[in-house]
Amino acid sequence: MTSRSVIGFALLASVAAATGAAALIPWFWGGERAASAWAARGFLAMAMPGIVGGAWLAREHGRSAQRFLVALATGFITRLVLAGLAAFYAGRAGDGAGTPLLLGLAAGFVPLMVFEMIWFARARGAQGLGTEPRG
């Protein structure tokens with residue numbers, strides 16, 4: 001893909017992440033400060049690698065399958081490690097950190113994953129499936 005489409009992906013992924021952040025507004029307004037902090041940590045642990053890794057995926061889409069798979073695996077593993085670290089520290093913190101963390105993780109993951117599925121399905125559809133008859 002062109003650098004223009006990678007930038008477009010990153011911008012639209014940021015909009016998708018913002019919709020997830022909007023779902024956390026009740027935790028930020030009227031919620032206690034510690035809960036808001038855990039929700040924000042969970043959100044960032046999913047949203048940042050989702051945007052960066054997704055932009056890398058968008059760049060590699062249509063190129064060598066190995067490069068695309070490396071980008072896919074790196075983004076997935078980064079999210080998994082960050083979620084694990086956040087859960088570890090939330091467990092150590094106690095004080096009801098688990099629920100806001102899980103909500104933040106979901107708010108950072110779900111909208112971006114839906115966006116990525118739509119983006120890559122659309123991009124794949126535009127390229128065709130390679131099954132059209134030749135000639």
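Q: Among contacts in the chain between residues at least 6 apart in sequence, what share joins residues at least 24 apart?
A: The share is 79%, where a contact means heavy atoms within 4.5 Å. This is a predicted model, in which local features need pLDDT of at least 70, side-chain atom pairs count only at pLDDT 80 or more, and totals for chains, interfaces and linings use all residues.

Q: OK, and how many helices and strands does the chain have?
A: There are 5 helices and 0 strands, and read along the sequence the pattern is α-α-α-α-α. Helices (H or I, at least four residues) and strands (E, at least two) are DSSP runs, numbered from the N terminus.

Q: Where does H3 bend?
A: The bend is at Leu 44 and amounts to about 25°, taken as the angle between axes fitted to the seven residues ending there and the seven starting there. Helix H3 covers residues 33-60, and its 28 residues reach 40 Å from the first C-alpha to the last, close to the 40 Å expected at 1.5 Å a residue. The expected span is 1.5 Å times one less than the number of residues. Just after H3, Gly 62 takes a positive phi of about 90°.

Q: And H4, what should its 29 residues span?
A: At 1.5 Å a residue they should span 42 Å, and the end C-alpha atoms of H4 are 42 Å apart, which agrees. The residue that follows H4 is Gly 94, with a positive phi near 60°.

Q: Which residues in H4 are buried?
A: Ala 71, Gly 75, Arg 79, Ala 83, Ala 86 and Ala 90 are buried, meaning under 20% relative accessible area, with exposed being over 50% and partly exposed in between (1.4 Å probe, protein chains only). Across the chain, buried residues make up 36% of the 135 residues.

Q: Arg 79 forms a salt bridge with which residue?
A: Its partner is Glu 116, with the closest N and O atoms 3.5 Å apart. Arg 79 lies in helix H4 and Glu 116 in helix H5 (residues 98-127), so the pair ties together parts that are 37 residues apart in sequence. Arg 79 counts as buried because its relative accessibility is 8%, and Glu 116 also counts as buried, at 10%. A salt bridge here is a side-chain nitrogen of Lys or Arg within 4 Å of a carboxyl oxygen of Asp or Glu.

Q: By that rule, how many salt bridges does the count come to?
A: The count comes to 3. Arg 59, Glu 60 and Arg 67 are linked in a network: Arg 59 pairs with Glu 60 at 2.9 Å between the closest N and O atoms, and Glu 60 pairs with Arg 67, again with 2.9 Å between the closest N and O atoms.

Q: Is Glu 60 buried or exposed?
A: Glu 60 counts as buried, at 2% relative accessibility, whereas Arg 59 is partly exposed at 36% and Arg 67 is partly exposed at 39%.

Q: Switching to the surface, which residues form a nonpolar patch?
A: Phe 76, Ile 77, Leu 80, Val 81, Leu 82, Leu 85, Phe 88 and Tyr 89 form the patch, with about 790 Å² of accessible area together. Patches are made of residues with over 30% relative accessible area and no salt bridge, with like charges joined within 9 Å and nonpolar side chains (Val, Leu, Ile, Met, Phe, Trp, Tyr) within 5 Å. Ile 77 is found in helix H4 and counts as partly exposed, at 48% relative accessibility.

Key. Residues numbered from 1 in each chain as written. Heavy atoms only, no water. Areas by Shrake-Rupley, 256 points an atom, 1.4 Å probe, with all protein chains shown as cover.
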